[in-house]
Amino acid sequence: MVTTFLGELYTSFVWVPTVVLGAALALKLPTIIRMWRDPLLRAVGGLLLFACALFVSVTPSVIGWINRVTGVPNFAAPWAYSLLTAFSGAGLLLIVAWRFGLSDRSNTTRRARRWIISVYSGVIVALWVLFALADVPVERVRDLDTYYAGTPFMREEILLYLLAHTVAALITVRLIWNWVRADALHGWLRWGLTFLGAGYTLSLVFDLAKLTAVTARWTGHDLDALSTDVAPCSACLAAVLIAVGFILPHTGQYLHGRLRVRLAHHRLRPLYVLMRSVDGAGVPFLLCAAPELRLIRRETYIRDVLLPLARHLDEDLRTRAHRAALRLGCTPRRAKALAAAVAILDAIDSGRRDDGTGHPDTADLLQEIGPVSRALRHRDAIDAVRVAARSEGTGAGAAETVGAVQANSAAQVNSGPPAASSADPVRRTPPVHPAEAPRFLLPRRR
């Protein structure tokens, strides 16, 4: 019952892995073409190309078409076996290129690549030789492996392609799961490796099911459902997981970057609105502007308006506000942002046009527009710091005033997210160690 359901599921959704693998190939193709000399990317392109061709070739309709066009019964069998073997070899080449990278030109690396190419090319040649020697006159679209499991030469061909694929999958699974545990991997890379490892692990289920069904035939038992129903379904799911493993790091980092841009744009809104109240203009709206451009335009506008205003800040008030925020329990960076917000609001409210009472650090202030904008979202905290700063300036009842502020406003002052280290988080990405991060998973450079 279960095997029948899996067989129907495979027939209905056999096109899914082809579409997903095609999407992964299309996503990586521009980078592969541009950096063709990179053996890592060549291995990725070969692996995805062979995988797409394989799943197109093993659909029942295409198998029948290949047999009719060539006029040879079961000609599609060695064709599909060859594609699966080439896919296995490309996976091993990918592992070698990934492990050693472009900088390694040692004899060991070159010997490993030559060994993989020669062995798997030899397996492909042997598959065609064995097929030419075998007598397989009856066309079998779905159960060829078990139907001809006892046929001389065809028996050896089936066993050969399964062993070649099993060895490659075992090596790949072992290395991938070892690298998943590396500490320096970025989150999206780790997820990509996890899907790749799961896909290659599931491909071992395909080999196990096929080998079990063929062995059962040799011993006079009938477990053909493992070969015709279970194995194809596991292969389809494995292909989808492998394709997702290639797609996820690129797409995930891209979407994560876009989200960070939009959040940075949104977090600058309080300061942008405040500067627009000073300037009266604002940034002209562009319908088709990219998020990165919108963020740059907003940052530029804020700095353009803030620069002449910053020259008139009361630096003494800013210093006192900074000390007051520290007394109220703020972190140094948040205290700095709150003090700048108090000084900016004071300059706007008083309409100051003199030169201020000090020498404000405008360069530092213009670099800290992100934390200042976030501080403007908490007006209660700003009011508390302003009261404490002014009481310190007058010197009358300062201790009592500060104590009251601490009792009533400490929670508001310390509320809000910790300030970022830069106003532009888009250009700050987590470091990935080059020896441990798979470059074929990284998004292409712009």
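Of the chain's 446 residues, 47% count as buried. The model is predicted. Its secondary structure is helical: the chain has 18 helices and 0 strands.

Next, consider how the chain meets itself. Take the contacts between residues at least 6 apart in sequence. Of these, 79% join residues at least 24 apart. The accessible surface of the chain is about 21900 Å². Carbon and sulfur atoms hold 63% of that surface.

Now look for empty space. Rolling a probe the size of a water molecule over the atoms shows where such space is left. The second largest pocket has a volume of about 360 Å³. It is lined by 19 residues, and Phe50, Gly89, Ala90, Leu93 and Ile117 are the closest to its centre. Helix α6 gives the most, with 7 residues. What classes of residue make up the lining of this pocket? There are 12 nonpolar, 4 polar and 3 charged residues.

Find Asp316 in helix α13, which covers residues 315–327. Is Asp316 buried, exposed or partly exposed? Its relative accessibility is 41%. Buried means under 20% and exposed means over 50%, so Asp316 counts as partly exposed. Asp316 can also be placed against Ala343. The two are 27 residues apart in sequence. In space, their C-alpha atoms are 9.1 Å apart.

Methods:
Residues numbered from 1 in each chain as written. Predicted model: local features only at pLDDT ≥ 70, side-chain atom pairs only at ≥ 80, totals over all residues. Heavy atoms only, no water. 1 Å grid on protein atoms, 1.4 Å probe; cavity = no way out; pocket = protein on both sides within 12 Å on 5 of 7 lines; lining within 4 Å. Points joined across faces, edges and corners; volume = space filled by probe spheres on them. Helix = DSSP H or I, 4+ residues; strand = E, 2+ residues; numbered from the N terminus. Nonpolar A, V, L, I, M, F, W, Y, C, P; charged D, E, K, R; others polar. Buried < 20%, exposed > 50% of the residue type's maximum accessible area, 1.4 Å probe, protein only. Contact = heavy atoms within 4.5 Å. Areas by Shrake-Rupley, 256 points an atom, 1.4 Å probe, with all protein chains shown as cover.
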